[in-house]
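Subject: the model, plus my notes

Hi,

Here's the structure I promised to pass on.

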Amino acid sequence: MENKSENMDNTVTNKHDKEEHKEKVHQMGNFQFQKADRDLLPAGTSKIFGVYDDVAHDSSYHSLYIGQLLTLFGNSDYITDNNEDLLSYVIEAKRDDGTTIYLEAYYGPSGPAIGGISNEEIYEKAANELAKLIRDAKPTDYEVRSDYEDMGVTIIMGVKNGKAYYETEFPDGFEW
């Protein structure tokens, strides 16, 4: 997958930033969350749920989600210009009893989502706690442009001064 980190204004792809956020640990409920290496994500993962599905009518929440992930976990594992595979983070979820699982916080075809081994109770509980953590985080300012390739539409998402925005640029002559 091609890394397009230059699309995000505040994305810095240096080792220091990656290590700094990898060491940040966030407690929510019975879990501690931190950024993890991509190769720790187990095979067979799928979407557990959408983070902002309850407010899906407001696209600015898509932008807010990305800004919140930047605040909590720094740069994503990858970023592309394809809106249906925009970015992904692998997140370690460590329960108070020491049990550790790995989730994926990503922006994919259905927007902001958390994935893991669906239909396993610990994954669903951890995903719910991670969603609460994300939704409670103050967003970092950024801007990213991506293409919704099926329709040839460009999407500009970002946060400026703490306010999320989501804009759509349609090609000339585009009709619904």
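This is a predicted model: local features need pLDDT of at least 70, side-chain atom pairs count only at pLDDT 80 or more; totals for chains, interfaces and linings use all residues.

Let me start in a loop: Gly-98 sits between strand 5 and strand 6 (100-108). Helices here are DSSP runs of H or I with at least four residues, strands are runs of E with at least two, and both are numbered from the N terminus. Gly-98 is partly exposed, with a relative accessible area of 38%. For the cut-offs, buried is under 20% relative accessible area, exposed is over 50% and partly exposed is in between, with a 1.4 Å probe and protein chains only.

Residues are numbered from 1 along each chain as its sequence is written, and side-chain values use heavy atoms, leaving out hydrogens and water.

The overall picture

The chain has three helices and ten strands, and along the sequence they come in the pattern α-β-β-β-α-β-β-β-β-α-β-β-β. Of its 176 residues, 48% are buried. Contact means heavy atoms within 4.5 Å; among contacts between residues at least 6 apart in sequence, 61% join residues at least 24 apart.

Strand 2 and strand 5 run antiparallel and are joined by five bridges; I call two strands paired if DSSP finds at least two bridges between them. On strand 1 (residues 26-28), strand 2 pairs over three bridges, again in the antiparallel sense, and His-26 is across from Phe-33. The hairpin of strand 1 and strand 2 has two residues between the strands, and Gly-29 there takes a positive phi near 60 degrees. Strand 2 (residues 31-35) is largely enclosed by the rest of the structure, because four of its five residues are buried.

Which side chains does Ser-88 meet in polar contacts? Ser-88 lies in strand 5 (residues 87-95) and is buried, at a relative accessible area of 0%. Its side chain is joined to that of Arg-38 by a polar contact of 3.0 Å, and to that of Glu-104 by one of 2.5 Å. A polar contact is a pair of N or O atoms within 3.5 Å; within protein, one must be able to donate a hydrogen and the other to accept it, and residues adjacent in sequence count only if both atoms are side-chain atoms. Leaving aside residues up to four places away in sequence, Ser-88 also touches others, including Ser-76, Asp-77, Tyr-78 and Tyr-106.

Strand 7 (residues 111-116) is largely enclosed by the rest of the structure, since six of its six residues are buried. Strand 3 (residues 46-50) is joined to strand 7 by four bridges and runs antiparallel to it, with Lys-47 and Gly-115 as bridge partners. Strand 6 and strand 7 pair over five bridges, also antiparallel, and form a hairpin with two residues between them. In that pairing Tyr-107 stands opposite Pro-112.

Helices 2 and 3

How do helix 2 and helix 3 pack, and at what angle? Helix 2 (residues 60-73) meets helix 3 (residues 121-136) at an angle of about 100 degrees, with the axes 8 Å apart. Axes are lines fitted to C-alpha atoms, for helices over the stretch in contact, and angles run from 0 to 180 degrees between N-to-C directions. That makes the two helices roughly perpendicular, a label covering 65 to 115 degrees (under 35 is roughly parallel, over 145 roughly antiparallel, the rest oblique). Helix 2 contributes Tyr-65, Gln-68, Leu-69, Leu-72 and Phe-73, while helix 3 contributes Leu-130, Leu-133, Ile-134 and Arg-135.

Strands 8 to 10

Three strands make an open antiparallel sheet in the order 8-9-10. Strand 8 (142-148) and strand 10 (163-169) are the edges, each pairing on one side only. Strand 9 (residues 153-160) pairs with strand 10 over seven bridges, and Lys-160 stands opposite Lys-163.

Cheers
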